[in-house]
Structures are given as structure tokens and as C-alpha cells.
Amino acid sequence: MKTHTKRKMILDCDPGHDDAIAILLAAGHEGIDLIGITTVAGNAELEKTTLNALKVCEIAGIDVPVLKGNSQPLIRKRETAADIHGDSGMDGPVLPAPVKQAGEEHAVDFIIRTLMESDGDITLVPVGPLTNIAMAMRREPSILSKIQEIVLMGGGTFGNWTPAAEFNIYVDADAAKVVFESGVPITMMGLDLTHQALADHDVSRRIGGIGNQPANFVSELLTYFRKTYLEFFGFEHPPVHDVCSVAYCIDPTVVETKKLRVDIETKGELTYGMTLVDVNGVTGKEPNVNFAMKLDHAKFWNMLIDTLERY
Ligand code: BDR
Ligand code: CA
């Protein structure tokens with residue numbers, strides 16, 4: 001008999017419209033054992049991203065610990081994305097105040113402890129700034145050999161927060177540098193990939209037709225996200241960036257990848273937070289990243305929609 005083992009995951013996030021949908025996919029799919037949701041300042045301040053994570057868990061009946069992490073980047077001043085996600089970090093849907101509370105343990109302590117107690121079979125999925133992950137690596141370097149893989153959302157060959165830099169990397173490029181130079185296997189969902197994960201009208205109609213509470217919540221998230229992505233970036237449809245990382249963990253064939261060298265710019269006057277993707281191999285450095293190139297759009301959306309239907 002064929003047995004399927006679930007992939008153990010810690011989802012480190014800053015909800016965030018697309019983060020919220022990533023939580024629903026990770027918690028709702030049978031291929032994932034979601035062992036913790038850790039939060040970080042990013043799209044909004046830490047208190048807000050944590051509250052949003054708790055709200056998502058509550059409306060979908062997700063019984064997974066939520067642990068609060070860092071409220072500031074390692075070195076730089078905090079920057080948030082209210083233009084895209086609203087002041088709350090998850091504007092649009094109106095959700096009740098959650099009964100569920102965040103755990104007592106700090107996210108960084110949770111990440112370190114959980115990895116050290118593991119058999120090296122946990123995947124970290126950071127879909128916000130990399131502050132918590134970098135701090136865990138610095139605090140306890142022996143976690144490095146315990147991380148199965150890091151499947152992150154961030155960076156790309158172009159930017160969205162500056163012409164050079166993507167938001168998650170830009171907010172804490174110093175942390176990103178620690179992570180990208182850690183030697184841990186990294187799969188990177190950059191903008192090149194996530195801009196293919198567009199919630200077009202057909203997708204929105206299918207999600208709208210499901211009718212359960214989590215799916216209705218996703219519809220409301222997408223309505224808000226569609227509006228800001230049009231106003232701010234001129235996109236016809238919103239890209240659900242963070243969901244790509246979770247989808248890849250469930251089924252790696254949803255994405256085509258290529259091994260490339262990626263370095264992080266932390267000093268450039270105009271290029272701070274840029275991910276230098278060595279597409280042509282000109283640096284001669286060993287690849288350190290499994291770089292996501294192409295999304296199987298149908299497979300991706302079917303996976304998410306099937307999962308929402310099962311809630
Ligand atoms: C990333 O930035 C955030 O606004 C999104 O949640 C995503 O993680 C895209 O650049
Ligand atoms: Ca995010």
C-alpha cells in the first residue's frame with residue numbers, strides 16, 4: 001500500500017491578503033502538516049499581522065499555534081505596505097475579534113526549539129520579511145542542518161517596492177542576506193513567478209461559487225486586493241504571491257525551477273534590497289537557490305479551489 005507522508009511546515013508570515021490565503025491552503029491541504037504559524041512585521045505592524053493570522057485561523061477553524069515574532073527589521077527602520085493591504089494589513093473583509101490568542105513563546109524561540117527537537121524534516125515557508133528566520137539562524141546556528149528546505153516568497157529579477165527591490169526583501173535585506181548565505185537549500189518564489197499567479201475573473205467566479213465561510217473570505221480578500229493592485233500597480237488581476245510557496249510544498253510540479261546564484265544587495269543607494277539573480281552564470285559562483293520560473297496556472301488554482309471546497 002502506498003503511504004503519503006505529510007510535509008511538516010512552519011509558515012512565517014505577515015498577513016496580508018495573500019498570506020491569509022496561504023494560511024488557508026497550508027492548513028486545509030492534506031499534504032501539509034502545519035505545525036506553527038509565526039508572525040513578523042511587514043505588510044503592517046506586528047500586532048496587526050498577528051491579529052490577522054489569529055482571525056484567519058478562527059474563521060476557518062484552524063487549530064495551529066500562532067507565535068508572535070519580530071516587530072522590527074534587524075537593522076533598518078520598519079516599513080509597511082498600507083497602500084496595498086490597507087491600514088490593518090488585511091483591509092476588506094470584516095471579521096470578528098478572535099477568541100484564539102497568540103502563544104506565549106516568541107516566534108524565534110519556537111522556530112529554534114521546534115527545529116532542534118525535529119528529525120530535520122521541517123520546511124520553513126517565510127512569506128514576509130526574513131527577520132525571524134535570520135534571527136533564529138544567528139541565535140542558534142545548529143538549526144541550519146535541521147532545516148529541510150526554505151521555500152520563500154521574495155525578490156525576483158525586478159522589483160515592486162522600488163524599481164530594483166521586492167517588498168519582503170527590501171523591508172529587511174540584512175536578514176535576507178543572512179538567509180541567502182546560510183547554505184540551507186532555498187527555493188525562491190520571486191515576482192517572476194508570483195506575477196503568474198493572477199486571480200483572474202474565472203478564478204474569482206469559481207471561488208465565489210464555493211459558498212463556505214473560508215471561500216467567501218477569500219473572495220472578499222481578492223476584491224480588495226484587485227482594487228489596490230489596479231490602483232497602485234495597474235494590474236488587471238491581483239497576484240497571490242505567498243500562496244505559490246505553499247503550493248510548491250504540496251506539489252513541486254506546480255512550478256518549474258532552475259538552480260541559480262542569488263545575492264542580496266544591502267549597500268546600494270538605489271538598489272538596496274535587490275536580489276541579484278545570476279541568470280547567465282556570470283559570477284561563476286555556485287548556485288544557492290532553486291529559482292521559480294514558470295507556474296502551472298491550472299494546477300495551481302485547482303489545488304487552491306479544491307482545498308477551499310473541502311473546508
Ligand atoms: C510580498 O509583499 C507582500 O505585500 C505580500 O504579502 C507578499 O508577501 C509581495 O511583494
Ligand atoms: Ca506576505
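The legends below describe close-up views of a predicted model. Local features need pLDDT of at least 70 and side-chain atom pairs count only at pLDDT 80 or more, while totals for chains, interfaces and linings use all residues. Residues are numbered from 1 along each chain as its sequence is written, chains are lettered from A and ligands numbered from 1 in the order in which they are written, and side-chain values use heavy atoms, with hydrogens and water left out.

**View 1. The calcium ion (ligand 2) and its protein donors.** The donors are Asp14 (OD), Asp19 (OD), Asp19 (OD), Val127 (O) and Asp242 (OD), at 2.3 to 2.7 Å from the ion. Donors here are N, O and S atoms within 2.8 Å of the metal (3.2 Å for Na, K and Ca); water is not among the atoms, so sites may look incomplete. Along the chain, the donor spacing reads D-x4-D-x107-V-x114-D. Aspartate 19 belongs to helix 1 (residues 17-28) and valine 127 to the loop between strand 4 (122-126) and helix 5 (131-139), so the pair ties together parts 108 residues apart in sequence. Helices (H or I, at least four residues) and strands (E, at least two) are DSSP runs, numbered from the N terminus. Both aspartate 19 and valine 127 are buried; buried means under 20% relative accessible area, exposed over 50%, partly exposed in between (1.4 Å probe, protein chains only).

**View 2. The surroundings of ligand 1.** The residues around ligand 1 are Asp18, Asp19, Asn43, His85, Val127, Met153, Asn160, Glu166, Phe167, Asn168, His241 and Asp242, each with a heavy atom within 4 Å of the ligand. The space that ligand 1 takes is the largest cavity. A cavity is a set of points, on a 1 Å grid over the protein atoms alone, where a 1.4 Å probe fits but cannot get out; a molecule sits in one if more than half of its atoms lie within 2 Å of its grid points. Helix 1 and helix 6 (167-171) are the elements that give two or more residues to the shell.

View 3. A side-chain N or O atom of aspartate 18 is 2.7 Å from an oxygen atom of ligand 1. Asparagine 160 places a polar side-chain atom 2.9 Å from a ligand 1 oxygen, and valine 127 has a backbone N or O atom at 3.0 Å from an oxygen of ligand 1. Of the 280 Å² of accessible area that ligand 1 has on its own, the protein covers 97% (Shrake-Rupley method, 1.4 Å probe).

**View 4. The cis peptide bond between proline 15 and glycine 16.** Omega at this bond is about -15°. Most peptide bonds are trans. Glycine 16 is in the loop between strand 1 (7-13) and helix 1.

**View 5. Phenylalanine 217 and phenylalanine 233 in helix 10 (residues 213-233).** Phenylalanine 217 is buried, at 3% relative accessible area. Phenylalanine 233 is partly exposed, at 25%. From phenylalanine 233 to asparagine 160, 73 residues away in sequence, the C-alpha to C-alpha distance is 8.4 Å.

**View 6. Isoleucine 111 in helix 4 (residues 107-116) and valine 246 in helix 11 (residues 243-250).** Isoleucine 111 counts as buried because its relative accessibility is 0%. Valine 246 is also buried, with a relative accessible area of 0%. Between the C-alpha atoms of valine 246 and alanine 165, which are 81 residues apart along the chain, the separation is 22 Å.

How values were computed
A polar contact is a pair of N or O atoms within 3.5 Å; within protein, one must be able to donate a hydrogen and the other to accept it, and residues adjacent in sequence count only if both atoms are side-chain atoms. On a 1 Å grid over the protein atoms alone, a cavity is a set of points where a 1.4 Å probe fits but cannot get out, and a pocket is an open set with protein on both sides within 12 Å along at least five of seven lines; lining residues have an atom within 4 Å of a point.
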